[in-house]
Amino acid sequence: MALLRSYVGGKWHAAPGGGVPLHDAVTGEEVAWISSEGVDMAAALEYGRRAGGPALRALTFHQRAALLKALASYLREHRDELYSLSARTGATLGDSKFDVDGGVGVLFTYASKGRRELPNDTVYVDGGVEPLGRGGTFLGQHIATPLRGVAVQINAFNFPVWGPLEKFAPAFLAGVPSLVKPASQTAYLTEKLIDLIIGSGLLPEGALQLVCGGAGDLLDHVTPQDLVSFTGSASTARKLRTHPAIVRNAVRFNAEADSLNCSILGPDATPGTAEFDLFVKQLVTEMTVKAGQKCTAIRRAFVPAGLLDDVVEAASARLAKVVIGNPATEGVRMGALASLEQREEVRRSLKALLAAGHVVFGDPERVEVVDADAERGAFLSPVLLAGDPDRAEPHEVEAFGPVSALLPYTTAEQVIEYAARGEGSLAGSVVTGDVDFAREVALGVAPWHGRLLVLDSDDAKESTGHGSPMPQLIHGGPGRAGGGEEMGGIRGVLHHLQRTAVQASPKVLSAITGRWVSGAPRSVCASGAGGRGEGTHPFRKSLAELKIGDSVVAGPRVVSKEDIDHFAEFTGDTFYAHTDPEAAAANPLFGGIVAHGYLVVSFAAGLFVSPEPGPVLANYGLENLRFLTPVKPGDELTVTLTCKQITPRLDQDYGEVRWDADVTNAAGDSVAKYDVLTLVAKENR
């Protein structure tokens with residue numbers, strides 16, 4: 001029988017002794033042995049800091065994003081190998097796709113977000129520039145840079161592929177190496193995943209390590225620059241959070257723990273409505289996908305008291321059609337739990353729950369299975385309970401398997417209070433077609449939830465479901481759920497970066513951030529109307545030639561009453577402030593006719609643009625546009641356009657350039673400020 005290996009220090013390591021046997025969840029046969037004996041945990045962490053960290057930090061966010069995309073494509077090509085092994089965890093093909101394809105999807109999402117939302121640089125600029133003095137020579141700016149440690153990622157048994165990848169992706173994009181520690185029951189699938197990743201040859205050495213087996217003294221060696229992310233039970237999370245090294249070094253600790261997630265059926269969702277059917281279907285799905293072994297599964301299903309019997313009947317009818325057995329057999333919809341030990345743990349939890357309710361479907365001790373032995377395999381019937389929401393047990397005991405409790409309520413206020421008794425959940429859902437009920441309940445339970453799904457007939461076709469965390473949205477929750485957040489798009493990346501407030505002159509701040517800021521030196525390349533004058537106009541420069549601070553000063557141009565009248569007639573924008581002298585004079589903000597804001601922007605473009613064909617390929621947008629001072633007939637406009645940020649695109653022969661546009665009047669007052677976004681060729685053609 002194979003002994004699972006660890007990958008540390010740039011090489012595979014097999015424990016010199018034996019190990020603990022791991023069993024097939026379906027057949028009970030031994031799959032592998034596991035042990036971390038011989039792994040030097042301190043050396044593994046130091047290797048990540050010394051080798052992986054510098055290699056990752058040498059890459060820009062966009063370069064790391066490109067590697068994530070390549071890795072996602074590679075794993076997608078090899079997913080059948082993961083599906084095959086996943087079946088031994090008790091997962092059906094649908095369960096395996098949820099795990100494997102979901103994990104690959106996280107990589108693709110972070111690859112896309114990294115390219116679109118992060119700079120092609122090694123430093124992240126957080127927020128705007130803060131003026132700290134009256135003269136504009138002393139500024140503040142928050143930046144974020146990668147921590148100089150290792151992200152220690154301790155994962156649960158239920159998602160041996162998705163779990164590691166959803167932690168790895170934001171850490172890698174941030175430039176922080178990962179050390180993955182999977183739960184032992186299903187570690188053979190995580191080992192295969194890491195084997196594929198290392199075998200791809202795509203990652204810098206030291207960017208990813210794996211420890212199979214016990215954690216040993218791993219956490220004894222974490223430093224203030226390391227991070228620890230944990231998925232598992234709330235009790236284990238409490239123990240890890242108070243580990244002496246974590247407390248002593250104020251190590252960033254993120255926990256995603258078990259939670260008593262709820263789903264709430266609205267009073268309007270009576271039998272025959274789309275929402276009633278959606279609620280029942282969702283409930284059964286959450287009970288049976290992964291055999292209910294999901295940290296986001298519905299444990300408490302709140303239903304209007306008058307609809308309890310209807311829901312029992314409808315849910316029982318659906319559950320009765322669920323075929324349980326060997327995942328390899330066609331037609332099987334629910335496989336086994338991850339281990340016999342897990343089945344016994346669920347049965348113990350069920351006994352506690354039965355003190356506050358009774359079974360309305362299923363038998364915790366007996367189950368009919370297809371092509372499998374019900375006792376040798378870790379099989380368990382779906383069990384639906386009807387419980388008393390005024391008892392403590394439904395709000396305190398989680399049976400981590402195909403188990404859910406129906407709990408009656410009478411008012412929106414009451415169900416909000418019941419939901420809060422779970423003391424913090426990862427996910428919740430409200431199924432209703434009544435928008436007022438949806439708003440009241442969603443806002444009432446939001447403080448206790450990390451994510452809420454409001455499901456109705458409008459969004460049902462596109463909904464990803466109650467129990468599906470999305471990489472764009474946070475995964476985590478308050479209180480019992482661990483008090484942490486994972487993913488959430490770029491939020492998950494920022495968790496691995498240190499935010500630092502930098503106070504400096506404009507020149508120094510521009511050098512640190514790689515972005516021009518107001519007050520920093522400019523290189524005026526051309527001047528005069530339309531930018532015609534000495535030097536090379538910035539629009540004539542390729543991306544390779546253009547520098548931060550390159551600028552053009554153009555103007556002045558007089559705005560006439562005829563210009564304003566023509567613009568109003570031509571565009572149809574005949575708002576009174578531009579066309580009715582008497583009404584405009586009565587306006588306390590203007591005191592007379594003023595030019596259209598977009599006329600000002602159009603005139604500014606006419607002043608700064610260089611019209612001949614050249615490296616500037618397109619203007620693709622304006623951002624942060626503000627009109628600051630009214631422009632009246634006879635005012636003169638001058639525009640200063642400055643290269644603010646340059647972002648080459650890795651996979652294109654052009655890049656993005658952000659320009660600072662400042663339109664001023666003859667008195668030097670800014671009348672409009674905005675950013676111009678252009679696409680510029682990397683080389684002159």
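So, what share of the 685 residues of the chain counts as buried? It's 54%, where buried means under 20% relative accessible area with a 1.4 Å probe, counting protein chains only.

Quick housekeeping. This is a predicted model, so local features need pLDDT of at least 70 and side-chain atom pairs count only at pLDDT 80 or more, while totals for chains, interfaces and linings use all residues. Numbering runs from 1 along each chain as its sequence is written, and side-chain values use heavy atoms, with hydrogens and water left out.

Okay, the overall picture. We've got 20 helices and 27 strands; those are DSSP runs, H or I of at least four residues for helices and E of at least two for strands, numbered from the N terminus. The C-alpha atoms fill a box of roughly 90 × 65 × 45 Å along the principal axes. Take contacts, meaning heavy atoms within 4.5 Å: of those with a separation of 6 or more, 75% come from residues 24 or more positions apart.

Now the inside. A nonpolar core here is a set of buried Ala, Val, Leu, Ile, Met, Phe, Trp, Tyr and Cys residues joined through side-chain atoms within 4.5 Å. The largest one has 57 residues, and Phe302, Leu406 and Val441 touch the most other members. Helix α9, residues 274–288, gives the most to this core, with seven residues. Apart from it lies another core, of 55 residues, including Leu22, Trp162, Tyr188 and Leu196.

Back to Leu406: leaving out residues up to four places away in sequence, its contacts include Leu283, Ala301, Val312 and Leu384.

Notes: Buried < 20%, exposed > 50% of the residue type's maximum accessible area, 1.4 Å probe, protein only.
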